Amino acid sequence: MRVEDSRFIRGRGNYTDDVKLPGMLYMEILRSPLAHARIISIDTSRAWAIPGVRLVLTGEMMAQRNLAWMPTLSYDTQAVLATDKVRFQGQEVCVVVADDPYIAKDGCEAIDVEYEPLPPIVNPEQSAAPGAPVIRDDKQGQVDNTCYRWEVGDREATERAFAEADVVSKLKLHYPRSHPSPIECCGSVADFDPATKKLTVYMTSQAPHIVRSAVALIAELPEHMIRIVSPDVGGGFGNKVPVYPGYVHSILASILLGKPVKWTEDKTGNLISTGFGRDMYLDGEMALRSDGKILAVRMHADTDQGAFFADAQPSKFKIGLMHSTFACYNIGTGYITAQGHYTNKAPGGVAYRCSFRVTEAMFFQERMVQAAADDLGIDQAEFRRVNLLPDDAFPARTPFGFLVDSGQYDKCLQIGLDAIGYEEFRREQAAARAKGRLLGIGISTMTEPLGAGNSREYDILGIKMFDSAELRVHLTGKAILRTGAKTQGQGHETTWAQIVSHELGIPAADVVVEEGDTDTAPYGMGTYASRSTPVAGAAVSMVSRKIRAKARKIAAHLLEVSEEDIEWELGRFFVRGAPERGATIQECAMAAYSNMPDGMEPGLEGNAYYDPPNLTWPFACYIVTVEVDPETGVWDVLRVVAVDDCGVRINPMIVEGQIMGGLTEAYAMSNMQFQTYDAEGNIVGSNYMDYLIPTAWETPGFELHEVVTPCPHHPIGAKGVGECAAVGGPAAFVNAVLDAIAHTGVRNIDMPVLPDRVWTALQTHQDVSGAPPVRNG
């Protein structure tokens, strides 16, 4: 059992909504019912008249304090409260603070807002069309709906490779919007003390230090007078990285009223307004030799950013790490272009359980690989085997500049094929086809760059993406560890203690782990993009080694020998050649406070800031078999085999839990999670009747296998695993369904691969798009 599970299963977790402070008030947000409209007037008089209403905030009031707009993590601006117009359904228009949450809701319902509807835009094609209304007319010099253009790779070399190709394989598809859907929605309790001028905010944040810095910039408060506390967080998945307007509202309300103000987001508010993932369109091409060799890749991506460019990603990369695509394949050259588009939708682009757009990269990659194998008439497994990087190719530089340092890709693929019984399934598939049954098998082989990243290339808002750990070993040999990371279910309290135990020999039960309080934790970049073990875990290892180095000097003093004569075994130093003479780490800790060598500072504590030399590159092979009902389009999962190489596994139980959770999300994205927009900009999927979350009943079983290739530069050889299955899994499910209906000639069905889409493909023998808008009724 994980250490933290003891309190969670007893209902003793401490979440933001559990925080109750004396005199606390409650906040509710009034959201726009329209996707695009000019605000003619806002009448708040009826709300002010309700007994118990303490404050009604409008965009105009925010503007008077220079708080109507705030910076995003992508160097754009985002409305805190709408002033001139609303730009997506669900945008924040007014805020009411009252004595209890029900009065605050009543206050919102009493506000009268007059809108002038404007034409809505719900996809990049509409956004880029001539004469399209400019959504961000608040931005000086903005004459269209483009928010960025980006390119990477060698265009000329790629064009030469395509000119020499025997076959050019093409594929167009859309990765739809996906909502992280954490069990706990966003929320905050802002407490500004008028006497001390200190602001304390309890909030659902995956990156409390980044939020503190952002609040200091927005609210113009000195950073040392801001304390951000993230208590237990009920799931994040990237949703709780950004700074949301609701946080700013509660902070300003507390400053104005001098009382604590709580905001707890409801499920509908979360589904329609907070950070989305995906919503990217691909136009991809592969240059192929007839023998199956991939010569080059050419891709263009259009991203639907919503009304504000609010991606949480490294500053240098406008489309995240999309260019990690095809990193596991031996390809000579490639060229990627991308364009971001403003639309009348909630801002998207959060790293929903992925390393900054890597989910899209790997989905596009594996869908293109499947299509290319079909175009060449080559078995999909053999096509991958021909092109995967061989073991002796490492370290390998990808066409887009990444350095992939280690892996056993062919071994992972072979283990997966053997486990699923690939050749036998192919025979069963052919026999079933003769009887009218449609069986399919899908493969996804991918590597994901984790741990962004080294300070040469990676920052957010100029802050380098290092991470930190502080370790204090008390004189009794017990320890407290604090890190700049923030767990939301990853099991840090268990894993970090195990790393300390591995490095120092202190029992894991004697190590307490604390995170999420900026007044006590060292400055760190938080937890997202699978940074925990690759970066924060490395910092824990490094600070433990610093402590061990000091303890070695103390041991030499206690044993009255030179430091060079001291040897180490887990938890104990001893004299070389005389192992019976030794000192435990606990004895060294006592001596650090009572019998240290002359000239040495007392205490046994330290900190480490870890700047990774490179990303880590876990690899995975996911294989899925399905059966499709030709009469209804319903498809059932028969088996799922996962082979993960995440380097050294610190806690196998936690690793397996992460993989199973990721595969469950992958299944949901491929099969049932449908969130889109109609022509009026109304969101379809604003509740859990429409946006489905898989239960144990729907979720298939998973068969897990492992390969271990230690990362050569990580202190303990770990690579990370938290997102791999969610990143690589969707393509395996989709590829399996398309393999089952390959006889129709259909090359693509956009996710989610709903039964009606499969049925349409079977009837028409044509690809099925899921891009918005959809028709209501």
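How do the residues of the lining of the largest cavity divide into nonpolar, polar and charged? In this predicted model, local features need pLDDT of at least 70 and side-chain atom pairs count only at pLDDT 80 or more, while totals for chains, interfaces and linings use all residues. Residues are numbered from 1 along each chain as its sequence is written, and side-chain values use heavy atoms, with hydrogens and water left out.

View 1. A cavity is a set of points on a 1 Å grid over the protein atoms alone where a 1.4 Å probe fits but cannot get out, and lining residues have an atom within 4 Å of a point. About 70 Å³ of space lies in this cavity, a volume being the space filled by probe spheres set on points joined across faces, edges and corners. Of its 14 lining residues, His174, Pro176, Gln675, Thr676 and Gly770 are the closest to its centre. The lining divides into six nonpolar, four polar and four charged residues, where Ala, Val, Leu, Ile, Met, Phe, Trp, Tyr, Cys and Pro count as nonpolar, Asp, Glu, Lys and Arg as charged, and the others, Gly among them, as polar. Strand 10 (167-178) and strand 32 (676-677) each supply at least two lining residues, strands being DSSP runs (E, at least two residues) numbered from the N terminus, and strand 10 gives the most, with three.

**View 2. The second largest cavity.** About 40 Å³ of space lies here, lined by residues that include Leu73, Tyr75, Phe309, Pro314 and Lys318. The lining comprises five nonpolar residues, three polar and one charged.

Definitions and conventions:
On a 1 Å grid over the protein atoms alone, a cavity is a set of points where a 1.4 Å probe fits but cannot get out, and a pocket is an open set with protein on both sides within 12 Å along at least five of seven lines; lining residues have an atom within 4 Å of a point. Helices (H or I, at least four residues) and strands (E, at least two) are DSSP runs, numbered from the N terminus.
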